Amino acid sequence: MPIRKPIATVGAYVGDQIEGLGRFSVFTAQMFRWLATDATRWRLLRPQLYAVGVRSLPVIVITGAFVGMVLAAQSYYQFEAIGRASWSGAVINVSVVKELGPVLAGIMLAGMVGGSLAAELGTMKVTEQIDALRAMGADPIRHLVVPRFIATFLMIPFLTIYCDFVGIVGGYLVAWSYGVDTHEYWMHSADVIENWDIFSGVLKSTFFGAAIALISCYKGFGSRQGAYGVGMAALEAFVSSFVAILVLDFFIVLLLNGVYDLIWGRVGVFL
Amino acid sequence: MSVAQGDIARRTAAEEPIIRLVNVWKEFAGNEVFRDLVLEFRRAATTVVLGPSGVGKSVMLKLILGLLKPDRGRIFVDGTDTTDLSERDLMPIRTRFGMVFQGAALFDFLPVRENVAFALREHKRLREDEVERIVREKLAMVDLAGTENLWPEELSGGMKKRVGLARAIAMDPEVILYDEPTTGLDPVTADTINEMILKCQRELETTSIVVTHDMASAYKVGDRLVMLHEGRIIADGTPHQIRTSADVRVQRFVRGDAMLSTGPTNG
């Protein structure tokens, strides 16, 4: 029957996806079990903090600066047209701290840290280093995944704050170059941005960091043999982390809006 | 228990194989690697497992360590059935083993010192000077004294294998598994590795299992040679018995003669 083949193909695909989700869940559960029961050693964590935090900083700073500058360049003319150029500060800065800072920092880290984690662990798998760890009675998740997870989870809020900061400064410099009044620019920004906006942006980033670390380590551990296999693991780590960030962002925004409503009785101005 | 009975019990325990693979089946994506494999390894002996590439020699080592699970059959380590043990339960058993990987599998994020010290730091609470002493001692055993601060990428292929050996013996294991220890090395370096294996065997009195397709190495280090072919054992004996085997498949392999099709001549 000609209909059977496509049904079988779809069935096999769905089965593979469910199986993959199951494996990822077990991997995540094992990671959290080690996280809860075992103190990660500083000698394992320190290089990861450096790799994720310090080495990512230049790219994050460049990303943040250009996001702020582009937003300023785009929004200035819209507000200028209605004679409210100094209001652009509110839009630029709210956009940066609530959405663009955390999301773009997350996406950059998905590319940099996620790709690098998957490639590193994938190479360790194909060169039997992960088997060597197991052969010596050491758990690879404890030794390789937990420190990378902690480092990414801890560093991403700081990187997001850096991204926000340079985005705000970059936006201001462009607005200033267009002749926007400095006092009014900052006054309108301060009127609109609440501590909650900054907090929610940074909080979101921790979820992005957790997703990037888990997905990328999982993809690295599942890498197939050879250069192509490692390359595919890095690519899949980035793409999956990227999609996870967008999906998580949406649901976390809904959740945070609900929390905001519950506490203050209204949703934020722009979201 | 009388003294005589005690002697018998001790002798029996000593003669009990340290590792047993019982009716083991294993396949990968429809490719059958082992079909009802039965194999035992005696204590304090060096058993060399021979066979062409892809016959499953490395898979066998990974089955012994529990890095892979058999599809069917049981694996016993010192009388304990390890087949269904979890990763956590396998950890203490694995500390009784040392494994030298085919590509050395040194941790490229750690220098030589930390590679050798890894299992010590993981499983033993030793003072730093004690760890340092053991690392120096093991590196000296493989003629690599003074390389503690080098990184894996700074080592040649032969040096990597020797660091891998130093790492494998750091915990003074009861069993050392060697996965193709001489593959990819020039003849002189390969022979150096063989000497290291013999030296470890002499000085540590361990059980050694060497998988290889290097006959020179097999004859030099092996007390017993086992040949795998299409998932089963087709020859098992002393180096002399294997060298003089009447089985044409064994002769093809040990002589490295693909065209050999008639019965062998002895010697």
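A: Two residues are taken to be in contact if their C-beta atoms, placed from the backbone, lie within 7 Å. With that cut-off, and not counting residues up to four places away in sequence, B:Thr207 touches B:Ile18, B:Phe41, B:Arg43, B:Ala44, B:Ala45, B:Glu174 and B:Val175. Please keep in mind throughout that this is a predicted model.

Q: Is B:Thr207 buried or exposed, and to which strand does it belong?

A: A residue counts as buried if 20 or more other C-beta atoms lie within 10 Å of its own. B:Thr207 has 23 such atoms within 10 Å and is therefore buried; it lies in strand S8 of chain B, residues 207-212.

Q: In what order do the strands of the open sheet in chain B lie, and which strands stand at the edges?

A: In a regular strand the side chains alternate between the two faces of the sheet. In chain B, six strands make up an open sheet with mixed pairing, in the order S6-S7-S8-S3-S9-S10. Strand S6 (97-100) and strand S10 (232-237) of chain B each have a single partner strand, so one side of each is left without a neighbour in the sheet. From one strand to the next, the twist averages 15 degrees.

Q: How many bridges join S6(B) to S7(B), and what packs on the sheet there?

A: S6(B) runs parallel to strand S7 of chain B (residues 175-179), and four bridges join them; one of the residue pairs to look for is B:Val100 with its bridge partner B:Tyr178 in S7(B). Helix H6 of chain B (residues 157-169) packs on the sheet and touches both S6 and S7 of chain B, its direction making about 175 degrees with that of S6(B).

Q: Which strands does S9(B) pair with, and in what sense?

A: Strand S9 of chain B (residues 224-229) pairs in the parallel sense with strand S3 of chain B (residues 46-50) over four bridges, and B:Arg224 is the bridge partner of B:Thr47. With S10(B), in contrast, S9(B) runs antiparallel over five bridges, where B:Met227 has B:Ala235 as its bridge partner. S9(B) and S10(B) form a hairpin with two residues between them, and B:Glu230 in the turn has a positive phi of about 50 degrees.

Q: Which residues have the most contacts inside the largest nonpolar core?

A: In soluble globular proteins, nonpolar side chains tend to be buried together. The largest nonpolar core has 139 residues, and those with the most contacts inside it are B:Leu50, B:Met99, B:Ala166, B:Leu177 and B:Met227. The largest share of this core, 18 residues, comes from helix H4 of chain A (residues 88-126).

Q: How many residues does each chain bring to the contact between them, and what scores does the model have?

A: Chain A contributes eleven residues to the contact and chain B contributes 17; those from chain A divide into four nonpolar, three polar and four charged. The model scores ipTM 0.85 and pTM 0.83, while chain B averages a pLDDT of 87, with 92% of the residues scoring at least 70. Over residues 263-267 of chain B, however, pLDDT stays under 50.

Conventions:
Residues numbered from 1 in each chain as written. Chains lettered and ligands numbered in written order. Predicted model: local features only at pLDDT ≥ 70, side-chain atom pairs only at ≥ 80, totals over all residues. Pairing = 2+ DSSP bridges. Axes fitted to C-alpha atoms, helices over the stretch in contact; angles between N-to-C directions. Nonpolar A, V, L, I, M, F, W, Y, C, P; charged D, E, K, R; others polar. Buried ≥ 20, exposed ≤ 12 C-beta atoms within 10 Å, placed from the backbone. Core = buried A, V, L, I, M, F, W, Y, C linked by C-beta atoms within 7 Å. pLDDT = per-residue confidence, 0-100.
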